[in-house]
Amino acid sequence: MAEQRNATLYKAELGEELRRLRQAAGLDRGDAARALGCSDRKIYTIEKGQVSVRLAELYTLLDAYGVAGDERGDIEHLAQLARQRRPRTSWGSAVPERVKRFFATEETAAVIRVYQPMLLHGLVQTERYARAIIGVNSSLSPADVERLVQARMARQERLTSEDPPTLQLVVEEHVLRACIGGVEVMREQLEHLADLGSRGVVELRVVPTSLGAHPCIGAPLFLVLTPEGGRRPNVVYVETLTDGVFVDEPDRIARYEVTMSEVLTFALSPSESLSLLGTVVAEL
C-alpha cells in the first residue's frame, strides 16, 4: 500500500501548499473560489487534500496567487505526484467512498490514537476476528464480507513497514472479555494483540471495568490522527453505525484531544494492560 500512501500524502501536501500560497497572496477562500468559478467548499476540500486538482484548475489558482518560476514548477510537480493512481485491488469495489477517505487519512498518519469502546481496532484484528465482526452485517453479501476482510488485512501492512505509525489503542476491559467468534477465535486474537504490544507495535491502554465513570464513557469509537510532517493539524474521525464523520472544527478537535489525554490518566499503564491481557487469555 506504499504507493497509495505516498500519493495520498502528496495530495495533502499539495493542499497545504495551496492554502499557504493563497494566504501569502492575501486572498481568502472566496477569492480563490471566484477565480476558479467554483464553491468555497471545493477550495476547502482541495486545501484539505480531500480531492484531486485538475491541471487546468491548478494553473488558474497559481496564476491567481501570483506563483511563478521554480516555485511554480515545484508545485506543478507535486500535483503530478498527487495524481498517481492506486493499483486495482480485489477488494476495492466493496469499500464505500467515505471509508476509502478514512483509509487514506489513516495511511498518512504518523500517530494514531484510538478510543475503542466495543471492539478491537481494525489495525490489530486477526483475519478470523475481523470476519466474525464483518460477517454479522446483514446488508453484506458473503463475497463482500470476504473483500472487506481482505481490505482490513491490507491496512495492517503499514504496521510492519519501514515507517510504521505510532499506534496507541485505548480499550475498555470488556472489549478483551467479549467472546467474538468463539473461544478459539478470541484466544488467537488476544494472543496476537499481546504479541503486538510486547513488540512495541501498539501501545495498549486498558480502561478497567471497575473504574466506573471516566472521561470517555458513553462516547463512540473515535480516532485522533496526527499527519506526517507535522505541518497539518490533527484530524478526528468518529464512527457510528452507518457513517464515519471527520471532525474539522479546531475547537471540536481540541475537545477530543483533551478527552483522549484525560482518559489515559484513568487507563492502566502499558505493562499493566499487557498483564491484564495475559490474565484474560489464561481465563479463556
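**Close-up views of a predicted model**

View 1. A search of the whole structure, which is a predicted model, finds 1 cavity of 30 Å³ or more. The volume of the largest cavity is about 50 Å³, and the residues that line the largest cavity are E106, E107, I112, L123, R155, R158, L159 and P165. Sorted by class, this lining of the largest cavity holds 4 nonpolar and 4 charged residues, with no polar ones.

**View 2. R155 in helix α8.** Among the residues lining the largest cavity is R155, which belongs to helix α8, residues 142-155. Its relative accessibility is 8%, and R155 therefore counts as buried, the cut-off for that class being under 20%. Helix α8 as a whole has 14 residues and reaches 20 Å from its first C-alpha to its last, close to the 20 Å expected at 1.5 Å a residue. Besides R155, the buried residues of α8 are V145, L148, V149, A151, M153 and A154.

View 3. Helix α5 runs over residues 69-82, and the reach of its 14 residues from first C-alpha to last is 20 Å, close to the 20 Å expected at 1.5 Å a residue. Within α5, the buried residues are R72, I75, L78, A79 and A82. Seen down the axis of α5, these buried residues fall within an arc of 120°, so they line one face of the helix. An α-helix has 3.6 residues a turn, so residues three or four places apart point the same way. On the face of α5 turned away from its buried side are the exposed residues G69, D70, D74 and Q80.

View 4. Helix α10 comprises the 16 residues 183-198, which at 1.5 Å a residue should span 22 Å, and the end C-alpha atoms of α10 are 22 Å apart, which agrees. The buried residues in α10 are V185, M186, Q189, L190, L193, L196 and G197. They cover an arc of only 125° around the axis, which puts them on the same side of α10. The exposed residues E184 and S198 are carried by the face of α10 turned away from its buried side.

View 5. R113 is placed in strand β1, residues 109-116, and because its relative accessibility is 16%, R113 counts as buried. Between R113 and Y44 there are 69 residues of separation in sequence and 25 Å in space, taken from C-alpha to C-alpha. V238 is placed in strand β5, residues 235-239, and because its relative accessibility is 9%, V238 also counts as buried. V238 and Y44 are 194 residues apart along the chain, with their C-alpha atoms separated by 20 Å.

**View 6. Q50 in a loop between two helices.** Q50 is found in the loop between α3, residues 40-47, and α4, residues 55-64. With a relative accessibility of 22%, Q50 counts as partly exposed, because that class lies between the limits of under 20% for buried and over 50% for exposed. The residues Q50 and T105 are 55 residues apart in sequence, and their C-alpha to C-alpha separation in space is 9.2 Å.

Note on methods:
Residues are numbered from 1 along each chain as its sequence is written. This is a predicted model: local features need pLDDT of at least 70, side-chain atom pairs count only at pLDDT 80 or more; totals for chains, interfaces and linings use all residues. Side-chain values use heavy atoms; hydrogens and water are left out. Helices (H or I, at least four residues) and strands (E, at least two) are DSSP runs, numbered from the N terminus. The expected span of a helix is 1.5 Å times one less than its number of residues. Buried means under 20% relative accessible area, exposed over 50%, partly exposed in between (1.4 Å probe, protein chains only). The arc is that of the directions from the helix axis to the C-beta atoms. On a 1 Å grid over the protein atoms alone, a cavity is a set of points where a 1.4 Å probe fits but cannot get out, and a pocket is an open set with protein on both sides within 12 Å along at least five of seven lines; lining residues have an atom within 4 Å of a point. Grid points are joined across faces, edges and corners, and a volume is the space filled by probe spheres set on the points. Ala, Val, Leu, Ile, Met, Phe, Trp, Tyr, Cys and Pro count as nonpolar, Asp, Glu, Lys and Arg as charged, and the others, Gly among them, as polar.
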